[in-house]
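Please consult the structure below while reading.

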Amino acid sequence: MRLVLSSLLFMCCLGTSIVAAQSSETTPPEPQLKPLVDQVDADRIRNDVQALVDFGTRHTLSDTTSDTRGIGAARRWVHDTFESISEDCGGCLEVFYQKETIEAGVSERIPEDTEVYNVMAIQRGTLYPDRYVLMGGHLDSRASDIMDAEIDAPGANDAVSGVAGSIEAARVLSQHEFASSVVYVGFTGEEQGLFGAQIAAEKAVENDWELFGVLNNDMIGNVEGINGATDNTTFRIFSQVRPSDLHEDTWNERFFGGENDGPSRQLARYVARMADTYVDNLDPELIYRLDRFGRGGDHRAFNDEGFPSVRVMEYFENYNRQHQDVRTEDGIEYGDTIDGIDFTYAAKITGVNVASLASLASAPPAPSEVAIGGAVQPSTTLSWTPHEDAENVEGYVVYWRPTSAARWTNRRYVGDVTEHTLENIMIDNHFFGVAAIGPDGHESPVVFPQRMMR
């Protein structure tokens with residue numbers, strides 16, 4: 001089933017203001033997304049988390065041969081679960097392991113040669129099978145001692161909540177078709193050094209994947225912080241700055257801006273818009289740094305290879321439950337057990353992912369070579385080049401916002417053109433970008449200008 005909007009609805013949604021487009025009095029721009037979000041089932045996520053917790057430990061160095069304990073049994077369970085989902089959609093998923101041996105001594109956390117597996121499922125796109133958007137979480141777990149591969153390490157929230165969310169997204173989205181390919185992943189080796197994600201990112205480069213969005217879901221179920229504060233209505237999206245390899249000789253951020261407008265920041269804004277529009281009672285908070293202060297996650301490996309990648313996660317972390325042996329001391333319960341997860345909250349964050357994946361995978365490819373001009377003029381002009389493989393483009397949308405605004409505040413549909421002038425909107429006071437839009441209303445991420453018009 002294709003996600004298609006009527007022409008009338010498409011036109012009514014192309015207003016000049018994002019705020020107006022998201023008003024409660026206006027039909028959402030992509031109404032087929034809301035039913036997909038509503039299909040996300042908290043109980044199914046709970047059951048999947050429980051199944052993975054029941055393997056005792058999923059430490060990267062744990063048992064690989066047992067059918068009931070260790071990382072080997074866990075990854076086989078995820079593989080079989082993806083295969084079962086694929087059977088339900090007539091074989092629509094390509095399920096496989098992505099494996100490499102990490103040599104002893106590469107890290108002090110890898111004391112012996114260790115096989116690191118990712119479990120992957122690809123739902124191939126109908127128009128752009130070689131363009132990909134990816135959702136994943138890490139399957140491995142740890143306790144207090146990062147090298148203890150024997151002790152129970154349930155890792156319920158960190159991070160099989162994200163793996164279970166990815167499985168649930170596959171269940172929902174596999175019943176539909178999309179223009180681009182969707183990838184669902186359970187990474188391993190994260191706690192030992194992001195090895196699984198590094199393997200996946202390097203393979204994407206080797207195989208010439210056009211990977212235009214990575215949603216790393218690492219801890220999406222906790223609502224109570226270590227200080228007792230609770231929040232089940234906010235989640236965070238971490239994104240890195242504009243990567244230096246996007247800077248051209250003619251573009252200098254000091255003079256022209258763009259330090260907050262790299263591809264990962266645009267992906268973060270996209271995910272935030274999906275949350276605002278399609279998920280009830282859940283507010284996104286954009287965090288303008290790669291990850292939590294001094295810490296890391298699997299999206300970093302994709303950022304390092306130049307792919308737009310973000311970390312999607314809960315608002316509050318509980319450090320008593322994170323990276324801790326299961327125990328009780330001085331009346332405080334430690335350990336990442338399943339009772340620490342709010343599954344309604346985890347389902348809402350999963351719903352954000354479902355909407356984001358469906359919209360991104362349905363949208364046409366973003367334009368390239370966006371240029372801007374307008375210095376010492378009262379108006380601003382943008383030009384762009386359509387993606388070379390674009391087939392489902394209805395037209396383009398120009399965005400702008402005050403330079404101090406975190407998110408886009410204004411938009412204008414300009415038609416199927418490659419240049420547009422915003423009359424009486426001064427280049428000095430705003431930042432600008434361009435997105436492609438399809439006939440069904442799905443938009444690409446916004447592309448920030450990368451050069452000056454000549």
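## Histidine 387

Histidine 387 is buried, because its relative accessible area is 15% (buried means under 20%, exposed over 50% and partly exposed in between, with a 1.4 Å probe and protein chains only). The model is predicted: local features need pLDDT of at least 70, side-chain atom pairs count only at pLDDT 80 or more, and totals for chains, interfaces and linings use all residues. Residues are numbered from 1 along each chain as its sequence is written, and side-chain values use heavy atoms, with hydrogens and water left out.

Leaving aside residues up to four places away in sequence, histidine 387 touches Arg131, Glu210, Pro365, Ala366 and Pro367 (contact means heavy atoms within 4.5 Å). Between histidine 387 and phenylalanine 195 there are 32 Å in space, C-alpha to C-alpha, and the two are 192 residues apart in sequence.

## Aromatic pairs

In the whole structure, 7 aromatic pairs are found (rings of Phe, Tyr and Trp, the last by its six-membered ring, with centres within 6.5 Å; planes under 30 degrees apart are stacked, over 60 edge-to-face and the rest tilted). Tyrosine 97 and tyrosine 117 form an edge-to-face pair, because their planes stand at 85 degrees, with ring centres 5.4 Å apart. Tyrosine 97 is partly exposed at 31% relative accessible area, whereas tyrosine 117 is buried at 13%.

Tyrosine 399 and tryptophan 408 form a tilted pair, with 6.0 Å centre to centre and 55 degrees between the planes. Tyrosine 399 is buried, with a relative accessible area of 3%, and tryptophan 408 is buried, with 9%.
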